[in-house]
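Please walk through this protein with the sequence and the model side by side.

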Amino acid sequence: MKFCSQCGNPVTQLIPQGDNRLRYVCGACEFVHYQNPNIVAGCLPVWGDRVLLCRRAIEPRRGYWTLPAGFMENGETLEQAASRETEEEACARVRQLALYTLFDLPHISQVHVFFRAELADLDFAVGEESLEVRLFEQSEIPWSQLAFPTVNRTLECYFADRLGQHYPVRNEFLPPLHGLAQS
Ligand SMILES: [Zn+2]
């Protein structure tokens, strides 16, 4: 950050009085620009014994497969964000969303949250941010072609949990690898 979004003057990094972290502070109007983690919400859409994946049409990780997911917008709930991303990337409607995996990624200041969900129907299609959208059986999952570790991990958990039909919510910390870059 170089300039204040309030008044346009240059910002500098300093620790404001009473705070304990470096912040971007405007030299003119003294506005403190707090920066906080971003939340990525997505779905694991299921149809029978198959799961829906999207092949990314955008960077980062263009051409790799992902669960539909993206940055939460202001004014929406987590579930709404996950449903919206599924609609945008796969033109798919989901129901019965159930919180499933929650990953802390402090090295990129992100939290990724995935819901298990049922596809409402098979009228999905390639959304604007996707090259391809299709259903995969477990044996067909392109494990080496998945876009993000949180997608790998969510799918691993799902197929393991499916054996016992029990899906506990998992909150895990993932060490530095790839995350979604902020666009
Ligand atoms: Zn300012």
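A residue is called buried when its relative accessible area is under 20%, exposed when that area is over 50%, and partly exposed in between. By this rule cysteine 54, at 1% relative accessibility, counts as buried. The model is a predicted one, and the values given here are to be read with that in mind.

Does cysteine 54 lie near enough to another sulfur for a bond, or too far? The closest cysteine sulfur belongs to cysteine 91 and is 9.0 Å from the sulfur of cysteine 54, which is too far for a bond, because a disulfide requires a pair of cysteine sulfur atoms within 2.5 Å. A search of the whole structure likewise finds 0 disulfides.

The zinc ion has as its protein donors the SG atoms of Cys4, Cys7, Cys26 and Cys29, which lie 2.2 to 2.4 Å from it. Along the chain these donors follow the spacing C-x2-C-x18-C-x2-C. Around the zinc ion the 4 donor atoms subtend angles of 99 to 119°, and the arrangement is therefore tetrahedral, since four donors count as such if all angles lie between 85 and 135 degrees. For comparison, the ideal angle for four tetrahedral donors is 109.5 degrees. As to accessibility, cysteine 4 counts as buried at 5%, whereas cysteine 7 is partly exposed at 36%, and cysteine 29 is also partly exposed, with a relative accessible area of 37%.

The domain assignment divides the protein into domain 1, covering 1-35, and domain 2, covering 38-173. The centres of domain 1 and domain 2, taken over C-alpha atoms, are separated by 36 Å.

The structure holds 5 aromatic pairs. One of them joins tryptophan 143 and phenylalanine 159 in an edge-to-face arrangement, with 6.3 Å centre to centre and 75° between the planes. Because tryptophan 143 lies in the loop between strand S10 (130-136) and helix H2 (149-164), while phenylalanine 159 lies in helix H2, this pair ties together parts that are 16 residues apart in sequence. Ring pairs link Tyr100, Trp143, Tyr158, Phe159 and Tyr167 into a cluster.

Rings also take part in another kind of contact, with arginine. Arginine 61 lies over the face of tyrosine 64, at 4.1 Å from the ring centre, and arginine 134 lies over the face of phenylalanine 136, at 3.9 Å from the ring centre.

A last stop concerns glutamate 59, which lies in the loop between strand S5 (50-56) and strand S6 (65-66). With a relative accessible area of 58%, glutamate 59 is exposed. How far apart in space are glutamate 59 and glutamate 129, C-alpha to C-alpha? The distance is 9.5 Å, although glutamate 59 and glutamate 129 are 70 residues apart in sequence.

Conventions. Residues are numbered from 1 along each chain as its sequence is written. This is a predicted model: local features need pLDDT of at least 70, side-chain atom pairs count only at pLDDT 80 or more; totals for chains, interfaces and linings use all residues. Side-chain values use heavy atoms; hydrogens and water are left out. Domain bounds come from an automatic or database domain assignment. Rings of Phe, Tyr and Trp (its six-membered ring) pair if their centres lie within 6.5 Å; planes under 30 degrees apart count as stacked, over 60 as edge-to-face and the rest as tilted. Helices (H or I, at least four residues) and strands (E, at least two) are DSSP runs, numbered from the N terminus. A charge sits over a ring if NZ of Lys or CZ of Arg is within 6 Å of the ring centre and within 35 degrees of the ring normal. Buried means under 20% relative accessible area, exposed over 50%, partly exposed in between (1.4 Å probe, protein chains only). Donors are N, O and S atoms within 2.8 Å of the metal (3.2 Å for Na, K and Ca); water is not among the atoms, so sites may look incomplete. Four donors count as tetrahedral if all angles lie between 85 and 135 degrees; four count as square planar and six as octahedral if opposite donors are over 155 degrees apart and all others between 65 and 115; anything else is irregular.
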